[in-house]
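Please open the model in your viewer and keep the sequence beside it. The stops below say what to select next and what is to be found there.

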Amino acid sequence: MSKIEDFLTIEQEQAIIKAIEIAEKNTSGEIRVHIENNTNSPPLERALEVFHLLEMEKTELRNGVLFYMAIESRKFAILGDEGIHTKVTENFWDAEKELMLSYFKKGEFSKGLELAIIEVGNKLKENFPYHSTDTDELSNEISSG
Ligand code: CA
Ligand code: CA
């Protein structure tokens, strides 16, 4: 098991959680971040496993989005549940991955994550606007494995 402190400073972790909170104030969609050291699997495949481990398919509107990262393997993926996936094009996910990669290349993991979380939040907002009965269906805390 690796710990979040191995990857992010407390400040960076808080900034990412804050970005999730801000995003989720505008949408019923749910964003989670999962960080681990290594994976032998293709990142999207592993992201799907993690998605189910975290029970992210249990949102009412199937609008959970997982940011998955394997730091040492230098792999990452963004996975949206079917509710959001059917609303966006493949280009959207690719553009977000490009955005993240441009920061990751500079070693700015938390910054890249934050910016992509904000953009995904905006996309969720377009398709799943916040409504007064919204609950926090999935924890905003970063998980690690
Ligand atoms: Ca919610
Ligand atoms: Ca949440």
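Begin by selecting Glu 30, which is buried, with a relative accessible area of 2%; here buried means under 20% relative accessible area, exposed over 50% and partly exposed in between, computed with a 1.4 Å probe on protein chains only. The model is a predicted one, in which local features need pLDDT of at least 70 and side-chain atom pairs count only at pLDDT 80 or more, while totals for chains, interfaces and linings use all residues. Residues are numbered from 1 along each chain as its sequence is written, chains are lettered from A and ligands numbered from 1 in the order in which they are written, and side-chain values use heavy atoms, with hydrogens and water left out.

The calcium ion (ligand 1) is coordinated by Glu 30 (OE) and Thr 135 (O), at 2.2 to 2.4 Å; donors are N, O and S atoms within 2.8 Å of the metal (3.2 Å for Na, K and Ca), and since water is not among the atoms, sites may look incomplete. The pair links distant parts of the chain, for Glu 30 belongs to strand E1 and Thr 135 to the loop between helix H5 (109-127) and E4, 105 residues apart. Thr 135, at 54% relative accessibility, counts as exposed. Glu 30 also coordinates the calcium ion (ligand 2), which is 5.7 Å from the calcium ion (ligand 1).

In what order do the 4 strands of the open sheet lie? The order is E3-E2-E1-E4, with mixed pairing, where two strands pair if DSSP finds at least two bridges between them, and where strands (E, at least two residues) and helices (H or I, at least four) are DSSP runs numbered from the N terminus. Strand E3 (75-80) and strand E4 (143-144) are the edge strands, each pairing on one side only. Strand E1 (residues 30-36) and strand E2 (residues 64-70) run parallel and are joined by 7 bridges; Ile 31 stands opposite Val 65 in E2.

Next, display helix H2 (residues 43-53), which lies across E1, E2 and E3 and runs at about 55 degrees to E3. Such angles run from 0 to 180 degrees between N-to-C directions, the axes being lines fitted to C-alpha atoms, for helices over the stretch in contact.

Finish with the charged side chains. How many salt bridges does a search of the whole structure find? It finds 8, a salt bridge being a side-chain nitrogen of Lys or Arg within 4 Å of a carboxyl oxygen of Asp or Glu. In helix H1 (residues 10-24), Lys 18 and Glu 21 are 3 residues apart and so are separated by about one helical turn, and their side chains meet in a salt bridge (3.8 Å, N to O). Lys 58 forms a salt bridge with Glu 55, their closest N and O atoms being 3.1 Å apart. Lastly, select Glu 36, Arg 46 and Glu 49, which are linked in a network of salt bridges.

Technical notes
Contact means heavy atoms within 4.5 Å.
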